[in-house]
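Thanks for making the time this morning. I would like to walk you through one model, going from the overall fold to the metal site and then to the packing.

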Amino acid sequence: MDDASNPEARENDVVETRELRAENRRLTQKVAELERKISLQPQTGLPTHFRLELELDEMIEQARESSDRKGFSALIIQLGDNYRMVRKTVKSGVSEWILYQTACRITALLRPIDRVFHTHENEFVLLLPELKGQLLASFLGKLLARLSEPHIFSGFNVVIQTAVGISYWPEHGEDRSSILHHADIAVGAAIEERKPYILFKPELLQAAVEKVELQNSIIRAIEKPVMERLGEQFVLHYQPKLLCSSLEGRTLRVDRIEAEILIRWNHPTKGLIMPDTFIPLAEETGLIVPLGKWLIYQCVQRLAAWEKAGKTGIGISLNLSPQQFHSDDAAQVFKSAIDSTGIDPGNLTVEITETCLFEDPCAAAVMLERFEGLGLRLSVDDFGTGFSSLSHLHRFPLDEIKIDRLFIEHLDANRQDRIIVRSLVSIARGLGLSLIAEGVEKAEALEILWEMGCRAYQGYLISKPLAAQDFIAFRDRIAADGFKFRLPD
Ligand code: C2E
Ligand code: CA
Ligand code: CA
């Protein structure tokens, strides 16, 4: 008996088909919902990178077909680090509002033919037909002015830094991926050079290639199997820090001499590379963790060797990058390095930046307590440049704050810097923290610092960073002079 002559089987078929259709409808609805979700950013209601890809292809198609081929420009707008800081530190709702306001500010300036996309949390992309050269410059002027207006909240205002990278179609690329890649390289350069915007040029590509080459060679340098081999390429310099108790005429009475350890990369073909260039690369690649581990051992062994040679009482400060600071084993590495040499941990200061503290204050407090438990001293580097609030400092077990050289550079000429430094001195005193000024280059600045009550100095006026044996010679000269240091003329 076949199904056609069986009413029960036919009935079953009808039910199945109905269920299949309903299932199909549900699926289609889900796909449409999903498409809507991925096509629109919920915070701003703007189209996302999925739409960007489609619409950029369409715009390229239209531009190719148009007779004048005037083309268009692609702009990538990135919100700066302080947006990330606000997102992490300020109560929820604030960063969402900033994004929404940013989207409104951008959209208000656009013509009907322009397109805007919200491609990542902190990134917007604009496609602006026929807007290049002078016309684009005047648009950028308005855009940057709008974006640099403060966002106002009850209790605080914040100006979000932005950088813009620009590329032109067809001059800088004929297809979607090259036009976006080149705008991306331009925005990277704008951030690095702290410029509000940069228009793509081929030299930027060369710089990006060089960065990748450097990144690869740092990987090779650190990946060598034996940690000791790092010493073949990385060298450590020591910059003196003087802790003083009197200033008579131009002569300082020195109570204690310390050193900040600063790394340099002796690249096999490129020569000496400074840390500002390669530390960010080591951070990006995660190689800062093994490199930092090596540094900690080097530093502790150096202290032990000095103590053994009778050069006692020298302190060393070591910079910890944010990734090292947050890595689970940093405290463990210090502990095993200290245990294996028996040095006094009180002679070791760990310098961390404000960003480390305030990006995630709870995690930072846990880390700092671990370091404190080991007996290490803790210092906040580049103080005054970040987003931190002085009133939160007491939450952390700190020993020292280091005033950024930005405030010291023009101390003799700039009244505002003097006001800031004076208030830092009194806050440090109130919180029972030591205070050191870095980047002291002029005797006038040191005299002002002395008069304000700051008693510790580091900078080219005292000495540039030195090789280990030169640092010891510097220290021995001061000791031989009865711990007096005469300021150079
Ligand atoms: P930093 O911790 O603020 O170090 C001070 C920088 O200022 C050093 O540059 C130093 O040579 C320079 N400097 C010192 N005195 C003066 C002065 O009077 N005038 C001027 N204009 N500059 C002065 P350097 O050695 O190039 O280091 C740059 C940055 O690289 C450091 O800034 C630190 O953030 C990072 N860094 C250096 N060594 C290490 C390291 O071993 N580990 C990590 N994670 N970062 C490091
Ligand atoms: Ca430092
Ligand atoms: Ca510093």
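What you see here has 17 helices and 17 strands, where helices (H or I, at least four residues) and strands (E, at least two) are DSSP runs numbered from the N terminus. The radius of gyration, taken over C-alpha atoms, is 29 Å, well over the 23 Å that the globule rule gives for 489 residues, so the protein is more spread out than a compact globule; that rule is 2.2 Å times the number of residues to the power 0.38. Along the principal axes, the C-alpha atoms fill a box of roughly 110 × 65 × 50 Å.

Before going further, some conventions: this is a predicted model, in which local features need pLDDT of at least 70 and side-chain atom pairs count only at pLDDT 80 or more, while totals for chains, interfaces and linings use all residues. Residues are numbered from 1 along each chain as its sequence is written, chains are lettered from A and ligands numbered from 1 in the order in which they are written, and side-chain values use heavy atoms, with hydrogens and water left out.

Of the 489 residues, 46% are buried, meaning under 20% relative accessible area, with exposed being over 50% and partly exposed in between (1.4 Å probe, protein chains only). If we take contacts (heavy atoms within 4.5 Å) between residues at least 6 apart in sequence, 68% of them join residues at least 24 apart.

Now to the metals. Which residues hold the calcium ion (ligand 2)? Its protein donors are Glu 260 (OE), Asn 319 (OD1), Glu 351 (OE) and Asp 381 (OD), at 2.1 to 2.3 Å from the ion, where donors are N, O and S atoms within 2.8 Å of the metal (3.2 Å for Na, K and Ca), and since water is not among the atoms, sites may look incomplete. The pair Glu 260, in strand β9 (residues 251-267), and Asp 381, in strand β13, links distant parts of the chain, 121 residues apart, and both of these residues are buried.

Asp 382, in strand β13 (residues 377-383), and Glu 438, in the loop between β15 (434-437) and α16 (443-452), are 56 residues apart; Asp 382 is partly exposed, at a relative accessible area of 25%, whereas Glu 438 is buried, at 10%.

Turning to the packing, the largest nonpolar core has 94 residues, of which Phe 234, Phe 334 and Tyr 457 touch the most other members; such a core is a set of buried Ala, Val, Leu, Ile, Met, Phe, Trp, Tyr and Cys residues joined through side-chain atoms within 4.5 Å. Helix α9 (residues 288-308) gives the most to this core, with 10 residues. Apart from it lies another core, of 30 residues, including Leu 75 and Phe 139.

Finally, helix α3 (residues 81-89) has Asn 82, Tyr 83, Met 85 and Val 86 as its buried residues. Seen down the axis of α3, they fall within an arc of 160 degrees, so they line one face of the helix, the arc being that of the directions from the helix axis to the C-beta atoms. They pack against β1 (72-79), α4 (94-108), β5 (156-158) and α12 (354-359).
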